[in-house]
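Hi,

Here is the structure I promised to pass on. Have a look at it first, and my notes follow below.

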Amino acid sequence: MTFGDSLPFMRCVAMTQRKRPSSTQSSSQRRHTGNLVAQDEDDDATFTQPSTSQVQRGLEKLTPAQVDQKTAEVVQYFLVKDQKKMPVRRADLVKHVVKDYRNIYPEILKRAARTFDQVFGLKLVEIDPKNKMYILVNNLETPDKASPVRSPSNPKMGLLLAILSVIFMKGGVVRENLIWNTLRKLRVDPGEKHEEFGDVRKMVTDEFVRQRYLEYVRIPHTEPIEHEFRWGQRADAEVSKAKILEFMGELHEQDPKTWTQQYRQAHSLPNSSQASTSSSSQR
Amino acid sequence: MCLWLNFEKNCVATLGICTNKTSSILTTEAVNRPFLYPVSKTCFRSRTSARVKMKRSKGGGDEEAPRHNGSAGRRKADQQQSDGDEGGSDIGPADLQDDDNDQGLRREIRSKYRDLISSVQQNREDMLSPSNNKLTEVLEEANKLFKDVRQAREAALDAQLLVVATDLGKEKASQLFSEGTAFDPTAFAEHLLSFMGLNRLEDDEDEQQNTANGYLPQDAWHRLARRAECCFRTAPSFHYMMGSFYAEPPPPKQRIERQRKAPSKEAKRIMPTQLKKMEESQQEATEKEVERILGYLKSYYQDDPTSPISYYEFVIDPSSFSRTVENIFHTSFLIRDGLARMYLDEEKLPCIGEMILLCPSQELIDAFDIKDSIIRPPNTQND
């Protein structure tokens, strides 16, 4: 067998299969929601985005009070859904809240986004353009040190920070075993019940994934089945890579700039957190 | 194998590695002569045909029999500096001899290969650390073993070892690739533990021991969570300040109702026999009380026969209103039975005294000139 002739071809094949540490900005747009809960798209499929003229006509038939009322209901729905940090699907929103007002849906969503911004200091973010999912993100600047408000902290966020840090510092994708081993070194064994977190494996692979903090994707052709972890869409919107790098610098007592690749990645965009813009233009 | 040696010496070799389960392709531009090592069971030929091919390609460069490709390629790379095209090295001698020893030897080889494979898999993180050459040692060990490999079965194990090793090599390469400092999750975990307030025990014998020494404080994860708040732009959760109300009735009430129902049913069944006893005992209790109060009255009179006893002082219990009422009730029996008498003293305050003679109640009625009862009996109130 001679491989000499086909070498350029083989090299091309090898290069496409080579896994570069992908910048999460480009990959977020072609992200597949492979491992996520199967979504009922029936309602969404029947919902067609009304055109601007349709919206105008719809608005003319309603009183301002009615539109305000509907907007307020949408705002409340989001706020309550956000308690568990689960993303909101457009289909659910239309089915449960908007209902008969679906012909002016874009206008309602625009007003709701404005309310979130002006009243609550929150940003309505569309994290999944394909499946139309939304989350709420804090629009205010994060404090440098701990927040002055002494609200009870959620220890899960500490664990999440550890996991996200490892993934980021390792280039954006890690095999699941690396995460499990790191957690074991932190006295958190995914095989055992932890006194603070309970079923750790379920929390990391199910809860964090459904909240879109993490992505847990199967690696093809592995036997036994292995998965890899990446940052989820919510993490992309909420978490600041620059601040994580700062934290790394504090822990290791090094200048964050010594991690040149990660530093470049963290500071390559105008905002350190790569949030997709609010939903007024995208639906 | 010069490829791996380059790693340990920290030279940056441009290399592209593609690994998947069925084929691993190593190309190295440093050697400037790509050699391919398709690893799959179907590529392995029998000994004889492979040897024939080896002889054919002895002088050549790139064409090599698949089976011996690995060893020849490896040895070729080893001799890279000294000889250029030393093609297929000596596989020839002493192949087919000693079939009896073969079986034992083969088993030994296979077992050693399996040990190597498991050692790479178990100590993966250890081998990844840039501070040691363990991966090279494993490969050198594999090279030695491969010299004795004659059959496809052992060669398949060799191939499996190479798949695992190249996977590790790829990760090591990616560590090299990153400019700047590498990131070590183990060190990160250690620093995190310190940040969370781990109280280490005094004696650290050797740092490599890595056993759990020290304990984490209760709020360890909360400390980290607080630090996380600075990195996250989480929307604060919306909750009603005073909480919400529950729409369903709370379960405990239902349980209490059920408990009460059960004993009452039993009580009904045995009531006919018990009721008489209760009534009797009630009457007895009243009588006893009345007698007790008569006793008090008598004792007061014995102490001081002349001074009158104020009625209020007699019946009132300053600590309990209900007992006061009971006292009044029982005293009224004394008066009804004529064992005591009530009268007004000089200041028109009611006093209670003993009756020496049993008087019918008619006397009291006459004495007080009671014509009509002030408290209307119940049946007349509904008029």
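Is the crossing of H8(A) and H9(A) left-handed or right-handed? It is right-handed. Bear in mind that this is a predicted model.

A bit more on that pair: helix H8 of chain A covers residues 155-169 and helix H9 of chain A covers residues 176-185, and they pack with their axes 11 Å apart at an angle of about 135°. That makes H8(A) and H9(A) oblique to each other. On the H8(A) side, the contact is made by A:Leu159, A:Ile163, A:Val166 and A:Ile167, and on the H9(A) side by A:Leu178, A:Ile179, A:Thr182 and A:Leu183. Sorted by class, that contact has 7 nonpolar residues, 1 polar and no charged ones.

H9 of chain A also holds A:Arg184, which is partly exposed, with a relative accessible area of 39%. Beyond its neighbours within four places in sequence, A:Arg184 is in contact with A:Asp189 and A:Pro190.

Another salt bridge links the side chains of A:Arg234 and A:Glu238 (3.0 Å, N to O). These two are 4 residues apart in helix H11, so about one helical turn separates them. A:Arg234 is buried, at 0% relative accessible area, and A:Glu238 counts as buried at 0% too.

Cheers

Notes:
Residues are numbered from 1 along each chain as its sequence is written. Chains are lettered from A and ligands numbered from 1 in the order in which they are written. This is a predicted model: local features need pLDDT of at least 70, side-chain atom pairs count only at pLDDT 80 or more; totals for chains, interfaces and linings use all residues. Side-chain values use heavy atoms; hydrogens and water are left out. Axes are lines fitted to C-alpha atoms, for helices over the stretch in contact, and angles run from 0 to 180 degrees between N-to-C directions. Angles under 35 degrees count as roughly parallel, over 145 as roughly antiparallel, 65 to 115 as roughly perpendicular and the rest as oblique. A crossing is left-handed if the near helix is turned anticlockwise from the far one by less than a right angle, and right-handed if clockwise. Contact means heavy atoms within 4.5 Å. Ala, Val, Leu, Ile, Met, Phe, Trp, Tyr, Cys and Pro count as nonpolar, Asp, Glu, Lys and Arg as charged, and the others, Gly among them, as polar. Buried means under 20% relative accessible area, exposed over 50%, partly exposed in between (1.4 Å probe, protein chains only). A salt bridge is a side-chain nitrogen of Lys or Arg within 4 Å of a carboxyl oxygen of Asp or Glu.
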